[in-house]
Amino acid sequence: MNAKAVPSNYFEEIYANELDPWGFDTHWYEARRRALLMASLPKPRYRHAFEPGCAIGTLTIELATRCDHLVATDVVDKALAEARTRVEHNPGAGAVEFRQWALGQSWPQEQFDLIVLSEVCYYLEAATLEQVLLEVVSHCEPAATVLCAHWRRPVPDYTLTGDEVHDIARATPGLWSLARYIDEDLVLDVFATGQRPPCSVAAEEGIL
């Protein structure tokens, strides 16, 4: 496990010279990840959703079509401004509220029925991520959906690998596994909160 923490100015420097530094608009991996993520949501619609680390809003736009209200956050003003512009020019998007906020900061006093952690958790140290995931559980309504999706291949800048992130998520009390997808690039887990779904118990006992 990589113990190196991401510098506080890392994201500001990433966006300094490029609006889309990770190729959200151009890379096939990003388009495929969004398609798999949206197809994995078990409910057709959500009331109040939360997307930390929205970047320039490519996933935000798609989530907004499935949510009555979506809170999307990032730490970089430039990214938030671009995400806001994209949503404003997409008539199919629902209500989206943008905030400057980062995982590891004090959580908003709200309850959500969907939290999406996509390509954001591997920037945290393991102990911080454990606490963040406990906050996720405490800020979810009963039977909420928590979706976690990350790049699996090692990246020198990242504190954790995608696999390490998902190992921690799967060990978090209060998150019950509903579905999992994994290939050489991507790991995606869908969790439910609250009372454990009967399908999860049956799967672990070998009934399914």
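The structure holds 0 disulfides, a disulfide being a pair of cysteine sulfur atoms within 2.5 Å. In general, a disulfide is a covalent bond between the sulfur atoms of two cysteines. This is a predicted model, in which local features need pLDDT of at least 70 and side-chain atom pairs count only at pLDDT 80 or more, while totals for chains, interfaces and linings use all residues. Residues are numbered from 1 along each chain as its sequence is written, and side-chain values use heavy atoms, with hydrogens and water left out.

**Cysteines**

- The cysteine sulfur closest to that of Cys54 belongs to Cys67 and lies 13 Å away, which is too far for a bond.
- Cys148 is in no disulfide either, and the nearest cysteine sulfur, that of Cys121, is 4.9 Å away.
- Cys54 counts as buried because its relative accessibility is 4%; buried means under 20% relative accessible area, exposed over 50% and partly exposed in between, with a 1.4 Å probe and protein chains only.
- Cys148 likewise counts as buried, at 1% relative accessibility.

**Overall fold**

- The protein chain contains 7 helices and 7 strands; helices (H or I, at least four residues) and strands (E, at least two) are DSSP runs, numbered from the N terminus.
- From the N terminus on, the order of these elements is α-α-β-α-β-α-β-β-α-β-α-β-β-α.
- The radius of gyration is 16 Å, close to the 17 Å that the globule rule gives for 208 residues, so the protein chain is as compact as a globular protein of that length. This radius is taken over C-alpha atoms, and the globule rule is 2.2 Å times the number of residues to the power 0.38.
- Buried residues make up 50% of the 208 residues.
- Of the contacts (heavy atoms within 4.5 Å) between residues at least 6 apart in sequence, 66% join residues at least 24 apart.

**Helix H4**

- Helix H4 covers residues 77-88, which is 12 residues, and reaches 16 Å from its first C-alpha to its last, close to the 16 Å expected at 1.5 Å a residue. The expected span is 1.5 Å times one less than the number of residues.
- Ala79, Leu80, Glu82, Ala83, Arg86 and Val87 are buried in H4. They lie on the same side of H4 because they cover an arc of only 165 degrees around the axis, the arc being that of the directions from the helix axis to the C-beta atoms.
- Asp77 and Glu88, on the other side of H4, are exposed.
- The buried residues of H4 pack against helix H1 (10-16), helix H3 (58-64), strand E2 (67-74) and strand E3 (95-100).
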